[in-house]
Amino acid sequence: SGPVDTTREGNLISYVRGYASALEKDKIRARTMDGKRAAARDGVMPIGTGAGLFGYDYEPRDRANKKKQGRTVNEAEAVIVRRVFGMAVEGLGVNTIAVTLKRDGVRTKTGKLGLALTVKRLHNNPAYTGLTRYGKETTKLLAGNKRERHIRAEEDVIYVEGFTPRIIDTSTFE
């Protein structure tokens, strides 16, 4: 907020302040993630932003009524989820399924007609069998606000019990 010191000493002080700020940012991120992992172990799923998982509605926690948060089945979307997995069991590919759903006017959770990515995500997400995972990926921050994603080891993934009800059985998913 003051005048910029362009001397060598001023540049050094500015560099050290920037370095200390970067270290503090890393510590804040680590503490935040530790808190989210602890919450997941306690059965409280740290929810991000977005439309949510197709086939489900999100029910927030209600502390006053001691109601736990979780997903509830959206029956209108669940019918489509079962149909998608049924078509996959018949041997149809992701694009064929997406074209069929688009032709029938089926929309994504956000109201779009382009369903290929949604169908692909359905096929890869075990939440439809009632299995809720937290922390399967980790993100490393890189320079220039870029991120690098990595899959965590299976023993580091946290499974949140009772958060997502089953829409399809495990054999259909596999």
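Predicted model: local features only at pLDDT ≥ 70, side-chain atom pairs only at ≥ 80, totals over all residues.
**Entry 1: Arg71**

For the record, buried is under 20% relative accessible area, exposed is over 50%, and partly exposed lies in between, with a 1.4 Å probe and protein chains only; a salt bridge needs a side-chain nitrogen of Lys or Arg within 4 Å of a carboxyl oxygen of Asp or Glu.

Residues are numbered from 1 along each chain as its sequence is written, and side-chain values use heavy atoms, with hydrogens and water left out.

I placed Arg71 in strand 2, residues 70–73 (strands are DSSP runs of E, at least two residues, and helices runs of H or I, at least four, numbered from the N terminus). Beyond its neighbours within four places in sequence, Arg71 has contacts (heavy atoms within 4.5 Å) that include Tyr56, Asp57, Phe163 and Thr164.

I then turned to the salt bridges, of which the structure holds eight. Asp57 pairs with Lys109 at 3.5 Å, N to O, and this pair links distant parts of the chain, since Asp57 sits in strand 1 (residues 56–59) and Lys109 in the loop between helix 3 (94–103) and helix 4, 52 residues apart. I also found Lys109 in a salt bridge with Glu77 at 2.9 Å, N to O; Glu77 belongs to helix 2 and Lys109 to the loop between helix 3 and helix 4, so this pair ties together parts 32 residues apart in sequence. Glu77 is buried at 13% relative accessible area, while Asp57 is partly exposed at 31% and Lys109 is partly exposed at 24%.

**Entry 2: Arg103 and Asp104**

I recorded a further salt bridge between the side chains of Arg103 and Asp104, at 3.7 Å, N to O. Arg103 is exposed, with a relative accessible area of 62%, and Asp104 is partly exposed at 42%. Salt bridges with shared partners join Asp57, Glu77 and Lys109 into one network.
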